[in-house]
Amino acid sequence: MTRPTTSGHTDPTVQPVPASVVEQVDAADATLQNPKRAVVSLGANLGNRLETLQGAVDALEDTPGIRVKAVSPVYETEPWGVEPGSQPSYFNAVAVLKTTLPPSSLLERAQAVEEAFHRVRDERWGPRTLDVDIVAYADLHSDDPRLTLPHPRAHERAFVLAPWLDIDPAAELPGRGQVAHLLDAVTRDGVTPRADLELRLPE
Ligand SMILES: Nc1ncnc2c1ncn2[C@@H]1O[C@H](COP(=O)(O)OP(=O)(O)OP(=O)(O)O)[C@@H](O)[C@H]1O
Ligand SMILES: Nc1nc2c(c(=O)[nH]1)N=C(CO)CN2
């Protein structure tokens, strides 16, 4: 393949490729050859909660560059961070992914999936048809408010830690330690396994 280079080109219609672009393409190539593990938390407390969670799992699997490797049991959970009784209960689950998408594209896809399920953003921690949070992406750390990694509240949330531990007993939250220990430190009150319900792992 002929590729424009930054020096020595003779065809005046071929523009040199800036070094920054070459770097970005090389970084994308490296990710493609080396899929990363990501953990996402799924939550729903409006509409048909189970159908929505299954739809989210399927939509993630249908995404080029994402493979869903494991899906947790379903938990019914009391709304966290809001006045008790002020919202319907949630169904929560966690999925482990392998992805060649960079973190920003994974977030974009997560938000597109939320929107496909008519997620409305008005109040903080308001009720929602679907919430897809990125709990962790490999062992990356980021303070960027648009994508904070690991998720800044995951370690306090039994509705994330309990289902995650079910599918990965050795799970670690980067920078925080073992999920099993984190779960011991938070209350599991209001976080109830729904053994009668199940999410399917896409074929
Ligand atoms: N790890 C992350 N996963 C998902 N969104 C994140 C993450 N870090 C930062 N964000 C940003 O948070 C913003 C608000 O997200 P969202 O409305 O889903 O918050 P929330 O689910 O109500 O609350 P919480 O962040 O406590 O779960 C998003 O627009 C997104 O850019
Ligand atoms: N039980 C429960 N509570 C929540 C949840 C959730 O998924 N489950 N998500 C929130 C914002 O991400 C706020 N509160």
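**Reading the model**

Guide: Let us begin with the ligand: the shell around ligand 1 contains five nonpolar, two polar and six charged residues. Please bear in mind throughout that this is a predicted model.

Visitor: How many residues surround ligand 1, and which are the closest?

Guide: Ligand 1 is surrounded by 13 residues, and the closest are D133, I134, R146, T148 and H151.

Visitor: Which strand gives the most to the shell around ligand 1?

Guide: That is strand β5, residues 131-137, which contributes three residues to the shell.

Visitor: As the model is predicted, how should I read its confidence?

Guide: Begin with the average, and then look for stretches that depart from it. The mean pLDDT of the protein is 90, and 90% of the residues score at least 70. Over residues 1-8, however, the pLDDT is below 50, and this stretch has eight contacts in the model beyond near neighbours in sequence. Where pLDDT is low, the predicted coordinates should not be read in detail. For the complex, the predictor gives an ipTM of 0.97 and a pTM of 0.87.

Visitor: How should I then read the overall architecture?

Guide: Take the elements, their order and the dimensions in turn. The protein has five helices and eight strands, and along the sequence they follow the pattern α-β-α-β-β-β-α-β-α-β-β-α-β. The C-alpha trace spans about 70 × 35 × 35 Å along its principal axes.

Visitor: What share of the residues in the protein is buried?

Guide: Buried residues account for 33% of the 203 residues.

Visitor: Why is strand β4 described as largely enclosed by the rest of the structure?

Guide: Strand β4 covers residues 90-99, and nine of its 10 residues are buried, so the strand is largely enclosed by the rest of the structure.

Visitor: How should I read the pairing of β4 with other strands?

Guide: Strand β1, residues 36-44, pairs with β4 in the antiparallel sense over nine bridges, and A44 stands opposite F91 of β4. Strand β2, residues 66-71, runs antiparallel to β4 and is joined to it by five bridges; here V68 has L97 as its bridge partner. Strand β3, residues 75-77, is also antiparallel to β4, with three bridges, and E76 stands opposite F91.

Key: Residues are numbered from 1 along each chain as its sequence is written. Chains are lettered from A and ligands numbered from 1 in the order in which they are written. This is a predicted model: local features need pLDDT of at least 70, side-chain atom pairs count only at pLDDT 80 or more; totals for chains, interfaces and linings use all residues. pLDDT is the predictor's confidence in each residue, from 0 to 100. Two residues are in contact if their C-beta atoms, placed from the backbone, lie within 7 Å. A residue is buried if 20 or more other C-beta atoms lie within 10 Å of its own, exposed if 12 or fewer, and partly exposed in between; C-beta atoms are placed from the backbone. Helices (H or I, at least four residues) and strands (E, at least two) are DSSP runs, numbered from the N terminus. Two strands pair if DSSP finds at least two bridges between them. A residue is near a molecule or strand if its C-beta atom, placed from the backbone, lies within 6 Å of it. Ala, Val, Leu, Ile, Met, Phe, Trp, Tyr, Cys and Pro count as nonpolar, Asp, Glu, Lys and Arg as charged, and the others, Gly among them, as polar.
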